[in-house]
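Open your viewer and get ready to select as you read. We will take one chain apart first and then turn to its partner.

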Amino acid sequence: MENRRPTPEEMLRLAEAEESSKKLGLLKVFLGYASGVGKSFRMVDEGRRRKERGEDVIVGAIQPGITPEVEAVLKTLEIAPVLTLDGVSVLDVPAILRRKPEVCLVDGLAYDNPAGARNPSRWLDVKELLGAGINVITSINIQYIAELSERVAALTGKRVKATVPQSFLFSADEIVVVDAPPDMSMVRSAEGESEVDAARRLSELREIALLFAADVVDYQLAQYLARNGLEQSSGTQERVLVCITPRANAKAMIESGRRNADRFHGELIVAYVKQHDLSAEDQASLEKNLALARQHRAEIQLLEGDEPVDAILRFARERRVTQIFVGHSLRQKWWQRFTHNHVDRLIEQAKGIDVRIFPH
Amino acid sequence: MSPLNPAREDRGKLRIYLGYAAGVGKTYQMLAEAQDAKQAGHDVVVGYFEPHGRVDTIAKTRGLEMIGRRRIEYRGTVFEEMDTAAILARRPGICAVDEFPHTNVPGSERPKRWQDVQVLLDAGIDVITTMNIQHLESLNDQVFAISGIRVRETIPDWVVQQADQVVMVDLTPRALLNRLIRGVVYAPDKAQRALDHFFKESTLVALRELALRQTAHEVEIRQLDLEDIPPATPALQSSFEARVTGRTDRILVYVTSDPSSAMVIRRAKRVADYLQADCFAVAVDQPSVPRNGDAWEATERHLNFARHLHVEARRLEGEEVASALVDFARRNGITQIFLARPKERGIHTFLRRNLAQKVVQLARDMQVTIAAEREAPHS
């Protein structure tokens with residue numbers, strides 16, 4: 001999966017945004033992989049329970065085609081009137097702001113508002129409600145997440161227009177995945193599609209949803225740890241750090257790293273510890289290795305430090321790496337490879353991290 | 001025949017509701033499904049249900065047929081277990097069984113509830129059950145590192161892989177903590193203890209992430225059941241190919257009498273499962289070294305543990321451990337050898353590090369992984 005996680009810069013921005021907006025309402029998102037998994041029900045049911053516990057809950061928007069179960073719960077809740085512009089339902093943001101409930105339910109986060117609406121899209125309406133201190137509970141299907149929509153469209157053959165940027169979902173206070181075993185009633189089979197392929201398609205979507213939720217959770221965990229100055233001794237997600245030198249058999253290491261990261265749905269990072277006075281030959285082979293790493297969609301890191309092992313371990317801890325790949329050769333000079341001593345020290349000090357040695 | 005699992009018609013189907021802590025709603029979901037199945041006209045019973053005094057959950061059993069528990073006396077106390085024989089005699093179409101990883105009291109027919117469930121499945125009964133991620137064997141060390149708790153009741157991964165569906169029961173840690181504080185999950189005294197220990201927010205968040213990723217993995221490996229039927233659309237083809245190609249890894253774990261062997265076996269097996277690689281475990285006895293009974297036994301235990309996880313295990317003889325290991329590896333087309341990490345300095349470390357060095361030198365065509373031991377968090 002590409003581009004599925006915010007970059008460190010984005011994370012920083014989000015963290016700053018969070019810092020500066022302590023008074024905001026809380027955003028809770030129910031995430032589903034197909035229509036029919038029960039997102040809307042989970043959302044209104046939460047609204048009902050909160051109301052029973054004494055919170056002031058209103059329904060800001062409901063999607064067409066609701067089930068009898070959802071309808072039954074809606075009867076117990078206050079429904080805010082919606083605006084109709086060009087025959088399209090739009091959240092009545094000013095009315096909700098005036099009403100100022102504690103909690104507003106917004107079914108279906110991804111809608112483009114028609115021209116003339118207060119905001120161009122519904123998620124911006126929601127952002128405004130949050131800004132006014134109103135808690136929002138909402139639902140979304142993965143196909144409407146901008147960064148995932150391409151991949152989902154390739155699977156479903158349907159392209160959606162209205163999307164929500166994933167950074168908005170990463171900024172949610174809570175995200176809940178609504179999982180359900182695939183049910184044939186969820187599939188509107190494409191023309192000529194076999195039942196097996198329809199089932200496969202649902203499984204692919206389900207996997208995307210679960211992994212997206214896991215990424216959001218991982219991001220929140222990293223933030224929680226950073227906020228509380230804690231260190232996580234064991235990663236919850238596999239992260240492979242491939243350490244290359246000019247002469248390492250980088251091809252085998254990077255390819256294996258890619259495959260491991262993919263199978264574990266983890267991250268691949270290729271790191272190189274900066275050395276001065278490299279020969280032209282070594283410099284060229286290093287460039288080649290880094291190009292290879294880029295080709296394999298690895299994140300590339302240049303580490304600095306007098307002691308390569310310390311630099312690697314410091315970085316590995318920071319990024320909660322679970323596997324370090326190093327080359328090992330009996331032949332070359334130390335700045336071209338990791339020596340016995342380096343590998344030994346790495347093994348000795350890489351507490352909680354697997355070290356995989358690639359002889360060459 | 002479901003298109004999702006074309007090959008297992010005679011056996012009962014297993015569905016697991018997977019959570020990451022008590023109180024996320026697994027039992028509720030299990031019972032909701034039992035109710036739906038009954039509504040749809042299936043013959044449904046509840047084989048075992050643990051109410052924990054939770055009102056909403058208890059209400060969900062209304063109208064369902066409950067099979068009485070079996071009473072077993074052990075050391076003067078009476079324990080209640082699932083009555084597998086009674087369920088078999090009743091022969092329902094679907095049976096709901098709470099707490100899949102439960103260990104039966106000594107004197108029960110089978111030591112583990114998951115083994116009871118195997119019997120039900122073999123009899124053609126579909127089973128719906130519940131478990132938390134921390135009970136999965138291959139995650140035992142990671143869970144220990146996250147929570148500081150060594151979970152004793154574990155389920156081998158292959159048992160979970162047999163399930164037709166693994167469904168994630170998700171709830172955010174914040175909502176779970178609120179439920180705990182409101183006394184929904186436990187009585188107040190137990191709730192406070194839980195909040196102080198297992199229910200720390202960082203622990204819950206990490207376990208939840210593990211559960212989400214494991215469920216995604218379970219969804220993915222079930223796609224492999226369909227690999228005889230190539231997909232028709234290009235988007236499905238590319239992920240299909242990524243899964244099926246490059247399956248060339250073969251993994252070997254070196255097992256000794258040292259307790260770290262269990263951890264290395266778990267880790268190697270987990271990596272093997274994700275890479276869809278074969279996994280072997282091997283111990284090497286040196287004929288010239290006098291046999292130490294305790295050490296020999298311990299090694300045997302570790303090899304049996306590997307077998308329990310469906311890892312093929314062997315005991316070899318060889319004067320030189322490294323060359324015996326590498327010879328075996330070469331004969332069996334091994335691509336990656338797992339060794340335990342040396343723990344401290346000292347003669348023992350020297351020997352083991354020496355082993356790693358020798359293996360690396362001999363196995364120039366293989367990768368050598370020194371598996372990390374995972375320690376409890378400092379708090």
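Into which domains is chain B divided? Colour domain 1 (14–224) and domain 2 (247–371) of chain B separately; these bounds come from an automatic or database domain assignment. This is a predicted model, where local features need pLDDT of at least 70, side-chain atom pairs count only at pLDDT 80 or more, and totals for chains, interfaces and linings use all residues. Residues are numbered from 1 along each chain as its sequence is written, while chains are lettered from A and ligands numbered from 1 in the order in which they are written.

**Between the domains.** The C-alpha centres of domains 1 and 2 of chain B are 34 Å apart. Select the contact between them: 7 residues of domain 1 of chain B touch 9 residues of domain 2 of chain B (contact means C-beta atoms, placed from the backbone, within 7 Å). On the domain 1 side, α5 and α6 (157–161) of chain B each give two or more residues (helices are DSSP runs of H or I, at least four residues, and strands runs of E, at least two, numbered from the N terminus).

Finish on β13 (residues 354–359) of chain A, which pairs with β13(B) in the antiparallel sense over 3 bridges (pairing needs at least two DSSP bridges between strands). Zoom in on R356(A), and you will find T369(B) of β13(B) opposite.

Note on methods
Two residues are in contact if their C-beta atoms, placed from the backbone, lie within 7 Å.
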